[in-house]
Amino acid sequence: MTEQHSIFLAKSEVKANDLEHKRKVSFNIQKYNDSVVKGKQQFADLELARKKAKNVKWKTIENLDKYLEQFEKNFTANGGKLIWAETAEEALDAILQICREKNTKQVVKAKSMVTEEIHLNEFLKENGIESVETDLGEYIQQLDGEPPYHIVTPAMHKSKEDVAKLFHEKLGTEPNLSPPEITKIARKNLREKYVTAEVGITGGNFLLADVGGVCVTENEGNARLTTTFPPTQISIVGIEKLLPSIHDLQLFWPLLATFGTGQNVTVYNTVFSGPRKPGETDGPEEMYVILLDNGRTNLLRKEVRESMYCIRCGSCLNACPVYKNIGGHAYGATYSGPIGSVITPHLKGMEEYKHLSYASSLCGNCTEVCPLKINIHEMLLENRTIAAGSRLNNNMENFSWSLWQQAMLSRRLMNIAGPGIKNTVVNKLFKGSWAQHRGEIKFAERSFNKIWKDREQQ
């Protein structure tokens, strides 16, 4: 068992038995689910929209090299500067170099799970640069010293009382503030940062190959402030976020909004295609786009290629019974839930993270709710096959599955193993796993096979 596997089991056990945690998460997810039902009503033919979106992403990923080069050509023609980063280290070094060239000691950030993936905040802090999260949920998590809990709603596991208590402890505010009061305090603190930061950093929901644009969709306006006041803008985006054309946004923006938050479309939708041009009144003087690989090309293998279609709406997390029981932090990875369990082993190493692909009931609900109909549960099964085929399972696990296979394929062995042996195996041999949180199983004295044979004889 790897270290990450041990940590995952320990955290999962704690959260699975934390009833208050489960209550908060269930409450917040239910609010989202109710909104999504209403949001879907905007589509005259939702299934057609989902199929069309999947076809667009299929076309993009099958021609990824072509669209990446097209994006680079058009973005640089608009005056932008593009940086290719094969690894997290290359991306971090590029950002640090830009910050040092601008002599900045502070950056503001908005809308970027990729920066969580490469641990940008910690890296900048080590180099004497303050990185300020401007999304309210991310700001709350940064105050609490925690990573995001959910890829869309970073502080989903916190109640309004939790946030009020956190602000009281960290910012010295009055206890028991209401959500509007908390928001006003965050706004006041953050707006001071926008005007003093020399660099603004964002992610990107989509990249548009035909116009060389970076799309950012948000509800708070913080990304627009992050990209308007600082003289330098850096957008760091995974290479899989490409779309062929700006005309694809009329389909993808509503899908992302509906399946992410239940809205028809999010409040602020912006396309950044380069730095401020002569005659324009706002925008950065310089704009960089960092195209990040960091293991994404590993996802091009045919078994899991569909995972690159993901638009990070978070709907599969909200639908997953495992996620709702153990929470986002138990996964020990930037991308949690079903889609995270598919991609993380390929991004960070199958040997260390293969266990995530086993953290699924394979119920298929993740696939059912995905706006692009990505076959998530089948890819989780493919990951298990890859791990087994690469001999990454330990000897005891392989031996156990071998015995199970032989028993399942032999009616004679199943009949030999009477109720006494079955009771012992489940209740004693698997006491530390199956029986730990369940009552003892008592197998019937006569198996179905025996009952059937007796019936036939009669």
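Author: On a 1 Å grid over the protein atoms alone, a pocket is an open set of points with protein on both sides within 12 Å along at least five of seven lines, while a cavity is a set where a 1.4 Å probe fits but cannot get out. Grid points are joined across faces, edges and corners; a volume is the space filled by probe spheres set on them. The model is predicted, and totals for linings use all residues. Residues are numbered from 1 along each chain.

Reader: What volume does the largest pocket have?

Author: The largest pocket has about 2400 Å³. Its lining counts 48 residues, with Trp401, Phe430, Gly432, Ser433 and Trp434 closest to the centre. Lining residues have an atom within 4 Å of a point.

Reader: Which element gives the most to the lining of the largest pocket?

Author: α19, with 10 residues. Helices are DSSP runs of H or I, at least four residues; strands are E, at least two. α19 spans 395-408.

Reader: What makes 11 residues in the lining of the largest cavity nonpolar?

Author: Their residue type, because Ala, Val, Leu, Ile, Met, Phe, Trp, Tyr, Cys and Pro count as nonpolar, Asp, Glu, Lys and Arg as charged, and the others, Gly among them, as polar. The lining also has 2 polar and 1 charged residues. Cys310, Cys313, Cys316, Cys370 and Pro371 lie nearest the centre of this cavity. About 100 Å³ lies inside.

Reader: How many charged residues line the second largest cavity?

Author: None; the lining has 8 nonpolar and 4 polar residues. Cys320, Cys363 and Cys366 are among them.

How values were computed: This is a predicted model: local features need pLDDT of at least 70, side-chain atom pairs count only at pLDDT 80 or more; totals for chains, interfaces and linings use all residues. Side-chain values use heavy atoms; hydrogens and water are left out.
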